[in-house]
Every structure is written in structure tokens, then in C-alpha cells.
Amino acid sequence: MHAFYLPPENWKEPFTLTGQEAHHLSKVLRMKQGENILLLDGQGREGTFQITEIHRQHVILKLLSSLTHPRPHSGLILAAGWGKAARRGWILEKAVEFEASGLWFWQAERSQFPVPDDIRQQWQAQLVAGAKQCHNPWLPELRTISGGVSELIAIAQTIEHKQVLVESGYQAQAFLSMDYLAQPGLTLCVVGPEGGFAPGEVDAFQKAGFETFTMGTRILRWESAALMALGLHWWGRQMSSAS
């Protein structure tokens, strides 16, 4: 069944698709009145709907059934050091597929460009596209943090588990495994930018109570470390649910 996105604030009668979602349904997929679709709101809610009217600018839907998924018992927020645009779209896609609770881009000392203060519309669109493809009912929270390591630490104060993935040149407390990531509650996992962490940043994280973990002796690209963290958490959560 084809999936579409309806923002939470629009999840009400009359259920109506507009903009790109309506265009994709009617002009690209060429769906017809009477066909059924799946709607996601990105906040755990999904529903099966029947197309009742197709207009030039919007589509009217009839609710057939709906359910709200409970929030997962374990969530991972990935904080990635800001860098060049290459692979950013890819990590947005993977964050949705591996059911991340959040994706934060933060201004590291070795970031090559300033992180924007606003959330780019195209980033949100990429998350929505990924959610529709894999039918994930939860969209990760997108955030940009321009104030460097100090602002990231301040924002993270209420998060239960805080971790930073360090390169082999820094002393780590343990090797990262899914046991550390799939813990109940929220886990913040910080990776550096393409140039790695500055020594003062690692010191600041440690003084703030962050655990330091390594992924081995190899030098990993930031997106490789990020993907491993996402995958380990996802796998750990699947194993926990199956037991």
C-alpha cells in the first residue's frame, strides 16, 4: 500500500492531502477514487484511508482505520559534528530507517562551515520520504546546535545516557556495543566532524559525565561511525523486543 505523510496538526476531519503529497498521489502514481492508502503523521500515528475525491490542488480522504504506536522504550539521538554536505542526505535517510529518536547537527571546533540556525525544509522532506518508504511511524527530531560543545552539553542535561565516540588517539572506557545503546530511555551518541574532535571537546564531554567509547583501531569516517551507532541500537532494540 502506498504511504503518504499528513502533519499531526492536519490529522482531523476532513482529512485532506495538499501540496506535493496530493500531486504525487494524483499525477505521479495516478491513483483513483476508491483506492486505499496509508497515512503517517510522524508522531506514531498511522491510518488506512480511502480516496473519496481528487481535485486539482488537493485530495479528500475517508478514514477506514487508525492506530497509534507507543513510543519505543529505548531511543537514540545521534549528534553529528557539522561538516560538508556530502553524505548528509544519506544519514538523514538512515536515521529514519534505523528509527533514531533524534538527529542533531552540532558546531564542532573542526567543522569546516558554520551550522545553520534553522532547520532546512529539504532535510525534513528527506526524513518524510524515508519514513514513507520504510513505513516508520516516528520521525526523528531534527535540531541544529550552533553554540559548540558547551551548548550541546547543556541541551543534553536531561538525557539519561550520554556517550561520545572517540578516535583511537583518545582513551576510551569501553568498546561500543548494543548493550550500551539499547538501554531504556534516551541515549545521546555524539560523533565528531570529518576532522575529528579537538582535544578540548573530548575533555569537556568527559567532565560533563559523558561516557567515552571506541569502535576499534581503524579510523572511521563520521558517517561510518554514525551508521554503526544507529545499527547497533536498532539491533539491540530488536533483540530486546524478541526476548
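Helix H7 (residues 222-242) contributes three residues to the lining of the largest pocket, the largest share of that lining, where helices (H or I, at least four residues) and strands (E, at least two) are DSSP runs numbered from the N terminus. The model is predicted, so that local features need pLDDT of at least 70 and side-chain atom pairs count only at pLDDT 80 or more, whereas totals for chains, interfaces and linings use all residues. Residues are numbered from 1 along each chain as its sequence is written, and side-chain values use heavy atoms, with hydrogens and water left out.

The largest pocket has a volume of about 410 Å³, a volume being the space filled by probe spheres set on grid points that are joined across faces, edges and corners. Of the 24 residues that line this pocket, Glu167, Leu220, Arg221, Trp222 and Ala225 are the closest to its centre. A pocket is here an open set of points, on a 1 Å grid over the protein atoms alone, where a 1.4 Å probe fits, with protein on both sides within 12 Å along at least five of seven lines, and lining residues have an atom within 4 Å of a point. The lining comprises 11 nonpolar, six polar and seven charged residues, with Ala, Val, Leu, Ile, Met, Phe, Trp, Tyr, Cys and Pro counted as nonpolar, Asp, Glu, Lys and Arg as charged, and the others, Gly among them, as polar.

Helix H4 (residues 148-155) packs against helix H6 (residues 199-207) at an angle of about 20°, with the axes 10 Å apart.

Helix H2 (residues 88-97) and helix H3 (residues 121-134) pack at an angle of about 40°, with their axes 8 Å apart, which makes H2 oblique to H3. The angles run from 0 to 180 degrees between N-to-C directions, and the axes are lines fitted to C-alpha atoms, for helices over the stretch in contact. Among the residues making the contact are Arg88 and Leu92 of H2 and Trp123 and Leu127 of H3.

In the backbone, the peptide bond from Glu13 to Pro14 is cis, with omega near -10°, and Pro14 lies in the loop between strand S1 (3-5) and strand S2 (15-18).

Terms used: Angles under 35 degrees count as roughly parallel, over 145 as roughly antiparallel, 65 to 115 as roughly perpendicular and the rest as oblique. Contact means heavy atoms within 4.5 Å.
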